[in-house]
Amino acid sequence: MAKIRATPLLGTFVEITLDRNAPESLFPSVFSRMRALERIFNFHDPESELSRLNRSAGEHAHRCSLEMLALLRICIELYEASGGLFDPAVRAGAVSHQRRSLADLILTGDRARISAGTVLNLNGVAKGYIVDRACEMLLEGGAASVLVNAGGDLRREGAGETPIWVRNPSSPGELRNLGLLRSGSVATSAGYFFAEGAELPYVDPRSGRSLTQIPSVTVAAPHCVYADALTKIVLLGGDHHAALDRFGAQAFVQWAV
Amino acid sequence: MNKKLLFALSAATTAVHLPAHAASYLSVEQAQKEFFPGADRFELRDAKINEAEKELIEKKSGTKVRLAEQKAWRAWKGTKPLGYFLVDEVYGKHEFITYAAAIDPNGLLSHVQILEYKESYGGDVKNPLWLKQFLGKGIAAPLTLGNDIVNISGATLSCKHVTDGIRRILATYEVKFHG
């Protein structure tokens with residue numbers, strides 16, 4: 001029997017499944033590591049490293065932690081591969097002269113410099129990144145099989161395979177089987193847990209507007225950080241976007257009927 | 001394409017529909033052991049909450065107190081108190097959650113884990129399959145996949161109700177147990 005634990009984390013529920021022989025002590029240590037990573041990337045916490053980076057805009061170069069540096073590099077990679085559709089510097093409702101893009105971020109060594117008026121929000125990738133880091137930590141800690149599911153963005157590694165399900169966007173209580181996952185990630189972006197007509201937390205960088213009607217987009221990719229970001233790229237750029245191939249990913253789109 | 005990524009997305013076109021999600025993660029005893037591995041005794045300290053205390057807890061936490069009793073245990077190693085273990089339940093529009101928290105002797109939250117999670121949607125209640133999954137152990141629920149856990153990739157479900165519950169538990173601790 002596998003060992004499974006769940007805790008409120010990253011604004012959602014994080015569920016971790018390990019093989020029966022994995023040390024129990026891995027659970028508290030990985031949960032606390034994930035909380036520490038959450039603190040680095042928390043947009044709403046004025047004490048987070050991300051907030052300090054944002055406050056440095058137009059002022060000075062911010063010296064990044066290794067985790068911040070790694071995630072910013074991934075963001076630049078995704079920004080370029082998506083032709084700017086993935087852009088953590090875009091804010092909803094910014095008028096044209098206030099608009100910024102990830103091109104306003106310059107990385108030199110471990111220093112990040114952002115131009116005045118630029119605000120980075122890493123919510124579209126931080127969860128996936130933290131899932132990846134948790135997975136690596138659990139494997140290094142001696143687990144033979146690992147599944148980390150952060151409120152629907154998940155990664156599985158190690159022995160065996162696991163059936164994965166997606167919600168039906170017309171009736172989120174109903175599940176559809178996606179198949180068996182052995183190694184890799186699945187992430188989903190969808191609007192069914194938001195109020196009807198609500199502005200969703202997805203902004204189209206071409207118009208600066210928040211999306212209101214979206215399908216359920218599920219992406220499978222080797223790493224959760226890319227699966228997480230690619231769901232947003234597919235939302236804006238369609239399920240044949242070249243970025244999918246680039247990151248070894250597949251997309252599955254369901255519209256509510 | 002990464003060949004190790006064994007994933008047949010095409011399977012979704014021949015979808016199997018199952019009703020959603022219920023999971024049991026830990027029993028109270030398992031959670032106690034995990035939160036306080038050094039404890040040799042858990043003293044039952046359930047506490048009634050009177051009207052005045054209820055108001056005070058609501059004011060401190062900004063959340064409603066629904067239950068007139070707080071389930072609580074004090075963890076001991078010999079004569080040394082290790083902290084408190086509290087169990088609470090919260091519900092949202094679609095979910096019902098029981099969770100446990102540990103508070104260390106300095107009054108700081110040291111662990112939170114979900115004990116049980118049940119999810120329902122309006123339409124599901126009419127579905128006998130959905131009801132069946134709550135009939136308890138011993139009856140083969142149709143979606144049982146290793147320890148009742150279904151791995152769902154979906155839109156993020158907010159943990160706000162649990163976060164509110166934790167604020168209430170910390171305020172209850174201050175009012176009823178601290179000092």
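**Exercise 1.** Determine the angle and the axis distance at which helix H3 (residues 66–81) and helix H5 (residues 224–237) of chain A pack, and describe their contact.

*Solution.* Two packed helices are described by the angle between their axes and the distance between the axes. Helices H3 and H5 of chain A pack at an angle of about 35°, with their axes 11 Å apart. Helices (H or I, at least four residues) and strands (E, at least two) are DSSP runs, numbered from the N terminus. Axes are lines fitted to C-alpha atoms, for helices over the stretch in contact, and angles run from 0 to 180 degrees between N-to-C directions.

Next, list the residues in contact (heavy atoms within 4.5 Å). H3(A) contributes Leu71(A), Ile74(A), Glu77(A) and Leu78(A), while H5(A) contributes Val225(A), Tyr226(A), Ala229(A) and Ile233(A).

Finally, sort them by class: seven are nonpolar, none is polar and one is charged. Here Ala, Val, Leu, Ile, Met, Phe, Trp, Tyr, Cys and Pro count as nonpolar, Asp, Glu, Lys and Arg as charged, and the others, Gly among them, as polar.

The model is predicted: local features need pLDDT of at least 70, side-chain atom pairs count only at pLDDT 80 or more, and totals for chains, interfaces and linings use all residues. Residues are numbered from 1 along each chain as its sequence is written, chains are lettered from A and ligands numbered from 1 in the order in which they are written, and side-chain values use heavy atoms, leaving out hydrogens and water.

**Exercise 2.** Locate Gln113(B) and describe its surroundings.

*Solution.* Chain B has four helices and nine strands. Gln113(B) lies in strand S8 (residues 109–119) of that chain. With 3% relative accessibility, Gln113(B) counts as buried. Not counting residues up to four places away in sequence, Gln113(B) touches residues of both chains, including Arg5(A), Phe31(A), Glu34(B) and Tyr99(B).

Methods: Buried means under 20% relative accessible area, exposed over 50%, partly exposed in between (1.4 Å probe, protein chains only).
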